[in-house]
Amino acid sequence: MDAKLSRRVFLRTAAAFGGGVLVAACQPKVVEKIVKETVEVEKVVKETVVVEKVVTVMPSPEVVTIRYGRHDPYPLEETTKSFVEEFPYINVQVEQIGEFHAKVPAMAAAGTLPDVLRSWEAMVLDLGRYGQVIELNPFVDATPDLNPEDFYENWWKYPVLEGKRFGIPDAVAPHITYYNAELFDEKGVPYPDLDSFTWDDFEQEARAISDPDNRIWGSETIPVGWHMFSVKQVWQNNGRYYSPDYQECWIDRPEAIEAIQYWADLLLDGNVMPSPSQIVGIGGAGAAAELFTAGKLGMQRMGSWITQVCIDAGFRWNIAPEPSKVKRDTITHGAFNAIASTSEHKDEAWTWLNYNCSTQSIYEYATFGKFPGVRKSSNEIEPHSWEADVDFQVDWQVIPQCLEYGHVLPGPANEGEALKLIGDALEKIYSGDAKAAEIFPEVAPKVTEVISEI
Amino acid sequence: MSATTNLIGRTTTRRKRLREALTAYAFISPWIIGFVLFMGGPILASFILSSFRWKLIAPPRFIGFNHYIKMFTTDELFQLSIGVTFKYVLVSVPLAQVLALSLALLLNQRIRLLGFWRIVFYLPAVVSGVAGSVLWSWMYHNQLGIINNLLLLVGIQGPNWLFDKEIVLGSLIVKSLWNVGVPMIIYLAGLQGMPQELYEAAEIDGAGEWVEFWKISLPMLSPVIFFNVIMGFISGLQTFAEPYVMTGGGPDNATLFLGLHLYQSAFHYLKMGYASAMAWVMFLLILTLTLVQFKLGSRWVYYEAEA
């Protein structure tokens with residue numbers, strides 16, 4: 001039989017198909033429709049009600065103005081702005097005090113010292129001795145976030161007399177050795193060793209570089225009028241200008257005599273640094289001070305504030321610690337913040353002082369001056385405040401390391417007169433008119449008499 | 001006239017005089033008040049302070065005459081400064097008088113551009129002490145100064161004028177001679193006030209110019225010379241600006257003048273009482289020297305009025 005579509009098959013198939021369609025069409029439709037239904041719900045009602053309530057209202061603090069005096073023109077706008085945001089009831093008036101050494105004592109005599117005074121090392125001790133600034137111990141003890149361990153020890157300990165603290169330090173510039181790397185390379189002299197740079201190394205390297213006939217020397221000359229420059233030489237030989245209690249002058253001790261005479265002999269030699277007669281030939285002390293940046297010196301021992309000047313000089317340089325003799329030591333030069341005893345707002349003055357000596361504030365000031373801060377926490381912030389942007393290798397770590405071993409300039413009573421006596425003696429020694437061993441024993445008792453007269 | 005009228009008259013006169021006196025004092029009172037506040041008062045205060053030890057930052061402490069005793073016994077710098085000051089004055093004042101008189105004689109001639117030359121020689125006198133000191137510091141500069149550069153042109157290597165302790169005082173003396181304008185003008189005025197009949201009489205007697213100068217000009221000028229010498233000593237003993245600006249008292253205290261030591265004692269060492277005592281000693285020194293000169297002056301100063 002042929003497979004033809006029969007009528008039966010067709011009708012069956014059609015019936016099945018039609019049945020399927022019919023079933024699909026009869027499926028219930030999904031219809032969305034709104035159904036009203038009564039449901040129990042929780043009703044939230046907002047309603048304004050007047051409630052009588054007794055409250056204690058604190059009066060807003062009266063705005064107090066405190067004066068902050070400092071000698072340098074550091075722009076404090078950012079610091080004072082952020083301070084006022086945090087302490088809106090304290091207004092800080094910043095004053096730059098020129099002729100600091102004469103003006104501050106005059107202000108003290110007139111009773112017009114600023115509430116907070118940023119003062120040099122010896123001056124803050126003198127002001128503390130005579131009651132012109134107050135003891136800060138109660139404020140420090142009452143400020144739990146002021147951690148003394150965060151400060152470098154020598155700087156934290158310095159402004160304390162008979163257990164009374166008179167100042168809080170902020171930033172500091174240590175003395176280091178800057179050296180002209182290009183001149184060292186030209187002369188084939190090895191760079192100063194960062195770990196063991198001694199006086200003998202210094203002399204050796206300086207002599208190797210010196211060429212006085214062509215006005216090139218290995219080292220800067222000693223600034224004879226800057227009497228404090230020589231104190232680090234005495235420290236490096238384990239000597240001191242004064243006893244720790246500043247009651248005696250110790251320059252007549254062998255360590256001090258040896259130290260000063262060593263450097264005087266180097267100065268007078270003429271083949272290490274410009275001698276006094278050679279200084280005349282190059283235009284005097286002022287010109288001698290610029291020899292390093294003029295590329296005429298191998299090394300210059302100076303405060304880290306000359307970093308920018310060296311960058312502007314345009315040659316490749318690097319830094320090393322001060323050379324040492326018996327021990328590593330150097331000057332660390334900075335200032336302290338103190339509160340005047342005549343201040344009528346001592347609490348507010350402390351609030352500002354503490355803020356200005358905080359980690360961030362110190363970091364901001366230190367970055368401006370290219371110094372390290374006196375707080376270890378401020379020196380951990382990057383980029384480091386003492387570093388500058390140069391395209392050659394500089395051993396920047398030398399700078400903050402100085403704070404571990406360096407000392408603050410001494411601060412005896414009647415410092416001006418004492419320095420005059422010491423300075424006159426140094427002038428004679430450095431000009432070759434006298435030997436340290438002859439003159440220091442004469443001068444030391446006179447200095448002792450001056451500094452012990454309180 | 002009755003007694004009553006006399007009494008009324010005298011009372012009226014007294015009242016009138018009193019009113020006149022009060023009016024006069026009222027007119028001069030601003031000066032008196034200013035003098036008391038800014039001169040007399042501080043002078044008295046410094047005298048009192050000279051017997052105190054006062055550091056400015058500590059309260060004053062009475063010590064009597066200790067400052068004066070210390071000055072003349074143990075303060076070597078004070079004694080040195082007296083020596084430096086007197087050396088300076090004893091050389092600079094006579095030199096200045098000779099130079100001023102010589103210039104006045106020259107400017108008393110009938111020469112061309114006389115007015116111009118008088119201005120040129122007087123001009124340094126109107127330059128302030130500090131400005132003049134800065135100017136001379138540059139002139140004395142070892143490398144850049146005009147003096148050494150001019151000397152170099154004739155093959156001479158100039159010294160270090162301000163840093164050689166053997167010659168630095170001489171450098172300051174030379175600088176002081178730049179300021180002879182004021183005594184020069186006074187000498188010029190004196191020369192122009194000379195009675196001409198004396199010169200005519202001398203000419204008739206056959207006196208030459210040199211004799212005329214020694215026998216007529218100088219004696220007639222003696223009061224002017226006397227005045228200029230006294231003023232020269234007074235200002236010389238108070239020299240401050242030149243050593244302060246040019247040398248700072250160095251090198252090795254070779255130019256530590258009394259005025260500079262006084263200033264350093266006050267503002268560098270904060271010894272206000274001691275500085276006050278030094279100021280009074282300076283005043284007494286100047287007063288004594290002036291009185292001595294007045295005493296000696298009676299022997300050689302010729303006053304025409306007395307004759």
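**View 1. Contact between chain A and chain B in the predicted model.** In this predicted model, 18 residues of chain A are in contact with 14 residues of chain B. On the side of chain A that touches chain B, helix H3 (100–110), helix H4 (121–129) and helix H17 (415–430) each supply at least two residues. The residues of that side comprise eight nonpolar, five polar and five charged.

**View 2. The largest nonpolar core.** This core has 153 residues. Ile260(A), Ile339(A) and Ile422(A) have the most contacts inside it. The element that gives the most to this core is helix H3 (residues 76–107) of chain B, with twelve residues.

**View 3. Surroundings of Ile422(A).** With neighbours within four places in sequence left aside, Ile422(A) is in contact with His227(A), Tyr241(A), Ile251(A), Val443(A) and Val447(A).

**View 4. Helix H10 (residues 254–269) of chain A.** The 16 residues of this helix should span 22 Å at 1.5 Å a residue, and the end C-alpha atoms are 22 Å apart, so the two values agree. Buried in H10(A) are Ala256(A), Ile257(A), Ala259(A), Ile260(A), Trp263(A), Ala264(A), Leu266(A) and Leu267(A). An α-helix has 3.6 residues a turn, so residues three or four places apart point the same way. The buried residues of H10(A) pack against helix H8 (199–209), helix H9 (231–236), H17 and helix H18 (436–451) of chain A. Gly270(A) follows H10(A) and has a positive phi, near 85°.

**View 5. Domains of chain B.** The domain assignment gives domain 1 (3–49) and domain 2 (76–300) of chain B. The C-alpha centres of these domains lie 40 Å apart.

Terms used: Residues numbered from 1 in each chain as written. Chains lettered and ligands numbered in written order. Predicted model: local features only at pLDDT ≥ 70, side-chain atom pairs only at ≥ 80, totals over all residues. Core = buried A, V, L, I, M, F, W, Y, C linked by C-beta atoms within 7 Å. Buried ≥ 20, exposed ≤ 12 C-beta atoms within 10 Å, placed from the backbone. Helix = DSSP H or I, 4+ residues; strand = E, 2+ residues; numbered from the N terminus. Contact = placed C-beta atoms within 7 Å. Nonpolar A, V, L, I, M, F, W, Y, C, P; charged D, E, K, R; others polar. Domains from an automatic or database assignment. Expected span 1.5 Å × (residues − 1).
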